[in-house]
Amino acid sequence: MLQGTAIVELVWQDASGSQAVTQLRALSSSTVEEIDAFASAAASILVPLTDCVLVGQRIRYKSAFEPVTLPADGSPITKVAVLFFSPGVDFADAVIAIPAAKDSILVADGPTAGYAVDLTNSDVEAFASAVIDGGVSNPFAEVVTALVAGYLQSRV
Amino acid sequence: MANNTFPEDWRDQPCFLVSIPRPLVPYAGGLLKLLEMRGFWATEGDYQRGYTAVTELEECLMATCLNVLLEQNDALYRLLNTALLGVAYTTVSEDPLVVTPAIAPHVNLDIHDQDSLMGRMDRLTQLVDNSINGTEVPLYDYSPSVKALLQSVIDAVTALEGDNSDLLAELEVIAGLLA
């Protein structure tokens, strides 16, 4: 369930390039725009107090799940299935990583067996449809239209 | 913050094919994650170009490039097998590409269709063997053969009265050419 407060992080950088964060909290019932305005106002008030410059601003809403269930035996989180979704030719992919990928979603035969994600697997297809129908985009706000590739990567 | 740049004309530049052992692909791909980070790049433009290039590279590491190469290789094999021996293939599905029959570890010289290159050559061979020499073949049963007919003509001319030695000599030359 959504926690009562959202975390606001103001990212500061000194002359050496080192970064530090000032953390504030705001009510999670507020909209992103409202919290962003609050964060900007807080940052402007903090500027006279520091020799750093503001280089970033983050807002995080957090949900907690209760009761916490223990995972069944399976692959470790280091076994990451990375799926590449494309918005179209010449556009940047959106990359979605799934930790502890099940063996059942991997290709069983051929040169990519045990490494490539089986894009025809029904669970993979269902997830891909949900991603595409849900309007997921790459980092440049280009909405994806197709799942084009997937395989294991060591990303952790 | 890193200050790496990426050229605007990167798509016009040459590419290099790298062979990566399969067990190394997850690590090679995972290391490229660093280049997906905004902080790695100097500007927003460098980030967009660099991110696009590196995710395309990641995409190619296992799936796309190898599949394309293998499929084109298989397509060439099937082209030759159909053209030479007449083996018929059926596309069961386009994506993923499934074609039957599967490519066998080896082939023999069995002709699957007489309209293939080897089939047409086989037809010509059988036609010549049967029609000229009278050899029994599966596809043709011309009778009598050209050689048998010629021999009949020679026998008939020999039986005629008068001097037919010049005509017989010419017919013997033709029979010799067909031998």
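Guide: Start with chain A, which has two helices and six strands in its secondary structure. Helices here are DSSP runs of H or I with at least four residues, strands are runs of E with at least two, and both are numbered from the N terminus. Along the sequence, the pattern of chain A reads β-β-α-β-β-β-α-β. This is a predicted model, in which local features need pLDDT of at least 70, side-chain atom pairs count only at pLDDT 80 or more, and totals for chains, interfaces and linings use all residues. Residues are numbered from 1 along each chain as its sequence is written, while chains are lettered from A and ligands numbered from 1 in the order in which they are written.

Now the close look: a sheet in chain A. Three strands form this open sheet, in the order β5-β4-β6. Their pairing is antiparallel. Two strands count as paired if DSSP finds at least two bridges between them. In general, strands of a sheet pair through backbone hydrogen bonds, either parallel or antiparallel. Which strands lie at the edges? They are β5 (94-98) and β6 (146-153) of chain A, each pairing on one side only. From one strand to the next, the twist averages 20°. The axes behind such angles are lines fitted to C-alpha atoms, for helices over the stretch in contact, and the angles run from 0 to 180 degrees between N-to-C directions.

Take the pairing of β4 with β5 in chain A. Strand β4(A) covers residues 80-86, and five bridges join it to β5(A). The two strands run antiparallel.

Asp90(A) sits in the loop between β4 and β5 of chain A. Its phi is near 75°, a positive value in a residue other than glycine. Is Asp90(A) buried or exposed? Asp90(A) counts as exposed because it has 9 C-beta neighbours inside 10 Å. The scale is this: a residue is buried if 20 or more other C-beta atoms lie within 10 Å of its own, exposed if 12 or fewer, and partly exposed in between, with C-beta atoms placed from the backbone.

Ala100(A) lies in the loop between β5 and α2 (122-133) of chain A. Phi of Ala100(A) is near 50°, again positive in a residue other than glycine. Ala100(A) has 14 C-beta neighbours inside 10 Å, so it counts as partly exposed.

The loop between β3 (53-60) and β4 of chain A holds Pro67(A). A cis peptide bond joins Glu66(A) to Pro67(A), with omega about -10°.

Over chain A as a whole, buried residues make up 22% of the 156 residues. Among its contacts between residues at least 6 apart in sequence, 60% join residues at least 24 apart. Contact means that two C-beta atoms, placed from the backbone, lie within 7 Å.

The pattern along its sequence is α-α-α-β-β-α-α-α. Of its 179 residues, 10% are buried. Among contacts in chain B between residues at least 6 apart in sequence, 46% join residues at least 24 apart. The mean pLDDT of chain B is 89, and 97% of its residues reach 70 or more. That score is the predictor's confidence in each residue, from 0 to 100. Where pLDDT is low, the predicted coordinates should not be read in detail.

Chain B has a cis bond too: Ser143(B) to Pro144(B), with omega near 0°. Pro144(B) is in the loop between α4 (117-133) and α5 (146-159) of chain B.

How many residues meet where the chains touch? On chain B, 20 residues are in contact with 20 residues of chain A. The elements giving two or more residues to this side of chain B are α1 (25-31), α2 (44-62) and α3 (64-85). The most come from α2(B), with seven residues. By class, this side of chain B has nine nonpolar, six polar and five charged residues. Nonpolar covers Ala, Val, Leu, Ile, Met, Phe, Trp, Tyr, Cys and Pro; charged covers Asp, Glu, Lys and Arg; the others, Gly among them, are polar. For the complex, the predictor gives an ipTM of 0.72 and a pTM of 0.63.
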